[in-house]
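Me: I am new to reading protein models. Can you take me through one, feature by feature?

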Amino acid sequence: MAEAGVEGREQRRQQGHLQPGLKRRHMTMISIGGIIGAGLFVGTGPILNQAGPATVLTYLLTGCLLILIMRMLGEMAVAQPSVGSFSDYGRMALGNWAGFSIGWLYWYFWAIVVGFEATVAASILGQYVPGVPPWLIALTLVLLLTATNLYSVGSYGEFEFWFAGIKVAAIIIFIVLAALFVIGLWPGGEGGMGLSNLYDQGGFFPNGSLVMFSGVVTVIFAFVGAEIVTIAAAESNEPEQGIVRATNQVIIRVLLFYVVSVFFLVAIVPWNTTFAEEVIKSPFTIAFERMGIPFAPDLMNFVVLTAVLSVLNSSLYTTSRMLFALTRHSDAPQFFLHTTRRGVPIWAILAGTSFGYVSVLLYYFFPEEVFTWLINASGAIALFVYLLIAISELVMRRRLEREAPERLQLKMWLYPWLTYLSIAAMVAVLVAMAVIPGQRPLLIASLVSLGVILVAYGIRRVAGPPERDPSEVVRREQESAPATQTE
C-alpha cells in the first residue's frame, strides 16, 4: 500500500512535465529530417516551371535566410532551452502577445501540414492498393503515427531516425549518380549532356529574373521544420549540445541536400517539363528515368512516401509541444498540460490530429481540390513566425549582453547587421507577394489568419486568466522538471 501511494504521488508529480527521451542520434536525425522535407521531392517541379534554371538561386537565397534564422534561434535556445522555444523567446522579448501569436500561428501551420502530408501519402499508397479509398488510407496513417507519438517521445525519435536516414541516403545517391550522368560517366540514359539545360530553352532566366523570388514562399514551406530541433531539445539528454551541433551543421545540410541536389536536377531535367499533371509526379523521378535507372518511379515513390511520413510524424510532435507550451502560459485550456506516465502530452497530441481528420473529410468530398486548399491556407505564416523570431533575437541579445553574457555560448554572426538584413529580406518577400498576382491571395489569407490570432489574444487578455511572467514560467518549469537521464 505504501509503495502504491508513493507511485501515485510520483505519477501526479510528473503530470504537466515532459521527460527526456531523445538520444543524441535522435537529435541528429531530427535536425537533418527537419531540413529535408517532402517539398523538396514534390514541390520543386512547379517552382522549376516558374523560375526556370534560376530555381537554384531561389533555393540558395531561401537557404541562406534559413541559415541566419537558425543561427539566431540557436543563440536564444542555447542561452535558454525551453519546450516553447521561439514562442517563449518572442514572449520574453516582445511581450505575451508575441508568444501567443507565434505559438498559435506555428501550431496552425503544422496542423495544416498534418492534413497535407496525410493526403499526399494516401495518393502515393493508393497506386499500390487499388480499390481502397484514399481517405481511408489517410485516416489509417494519421491514426498509426498518432499512436507512435502517444507511446513515448523516444518512439517519435526512433521513427524519425529511420525516416531521415532513408531521405539522406536517397539524396546522396541522387547527387552521386547525377554528377556521373552529367559528365558522361554513367552508362545508362543519355549521359554526357553537360550543363546545357542551365542556359538552353530560353536562358538562365527564361521568365525574367524577378520570377525567382515568387518561389521563395513555396521553398520556405519546404524548409520549415529545421527549427523543430530547438523544440525537441527540451526533451533530449543534451539540450544545449544538440542545438549547437544542429545550428553549426545547418549550412552544410542546406547547401548539400537542397542547393546541390536542385542544381543537378535542373541540369538533367529541362525546366519546361510538365510536372503539374500529378501531385506525386516528382521531378526527381523524371531525372532517374532519364538516367535509365529501372523502377525509378517506384523507387522515388518510396522515398517521397518516407519523406511524407517523416514530416507527418514531426508535425504531430510539433503541434503537441507548441500547444503544451501555450498552455503553460494559460493561452490554452489547462487540460492540454496532462501527460502520461511516459511524459507525453496526450490531449495536446490528439488536438493536433484534428486538422488531419478534417483533411480526411475534405479528401473524401473534394479529392482534387484538397491539396491546393491546404497549401493556400498556410500561406506566408512561416514568414511571419520567422520575422518575429528575428525581432526577438534583436531584443534578447541586447538583454543577455547586459544581464547574463555568460549564457551567450553561441552567437549570431555580425550582430546586429545580419539580423537586420534577415528582417529586410523577409519584409521584401512579403512585399513581393503583395505585388505578384499569383501570390497575393496567399498573403491576404495569411494576414487574415494573423488578424484572427491578434483578435483572439485581445479577447484572451480581457476575458482570460491573468497573464504570467514568461521568464518565471520557464524558470519554474526547468526547476521542477524530471532529472535529465543519461544515454
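**Cavities, rings and a buried serine**

Reply: Start inside: the second largest cavity has a volume of about 40 Å³. This is a predicted model, where local features need pLDDT of at least 70, side-chain atom pairs count only at pLDDT 80 or more, and totals for chains, interfaces and linings use all residues. Residues are numbered from 1 along each chain as its sequence is written, and side-chain values use heavy atoms, with hydrogens and water left out.

Me: What is a cavity, and how many cavities of 30 Å³ or more are there?

Reply: Rolling a probe the size of a water molecule over the atoms shows where empty space is left. On a 1 Å grid over the protein atoms alone, a cavity is a set of points where a 1.4 Å probe fits but cannot get out. Points are joined across faces, edges and corners, and the volume is the space filled by probe spheres set on them. The count here is five cavities of 30 Å³ or more.

Me: Which residues line the second largest cavity?

Reply: Lining residues have an atom within 4 Å of a point. This cavity has 10 of them, and Lys23, Arg24, Met27, Asn237 and Glu238 lie nearest its centre. Helix H2 (24-35) and helix H12 (239-268) each give at least two lining residues. Helices are DSSP runs of H or I, at least four residues, numbered from the N terminus.

Me: How do I read an aromatic pair?

Reply: A pair of aromatic rings is described by the distance of the centres and the angle of the planes. Rings of Phe, Tyr and Trp (its six-membered ring) pair if their centres lie within 6.5 Å; planes under 30 degrees apart count as stacked, over 60 as edge-to-face and the rest as tilted. The structure holds 18 such pairs. In one of them, Phe109 and Trp110 sit edge-to-face, 5.6 Å centre to centre with 85° between the planes. Phe335 and Phe336 have centres 4.3 Å apart and planes at 40°, so that pair is tilted.

Me: Is Phe336 buried or exposed?

Reply: Buried means under 20% relative accessible area, exposed over 50%, partly exposed in between (1.4 Å probe, protein chains only). Phe336 is buried at 11%, while Phe335 is partly exposed at 46%.

Me: Where does Ser330 lie, and what is it in contact with?

Reply: Ser330 lies in the loop between helix H14 (296-328) and helix H15 (346-352). Ser330 counts as buried because its relative accessibility is 15%. Contact means heavy atoms within 4.5 Å. Leaving aside neighbours within four places in sequence, Ser330 is in contact with Arg460, Pro465 and Arg468.

Key
On a 1 Å grid over the protein atoms alone, a cavity is a set of points where a 1.4 Å probe fits but cannot get out, and a pocket is an open set with protein on both sides within 12 Å along at least five of seven lines; lining residues have an atom within 4 Å of a point.
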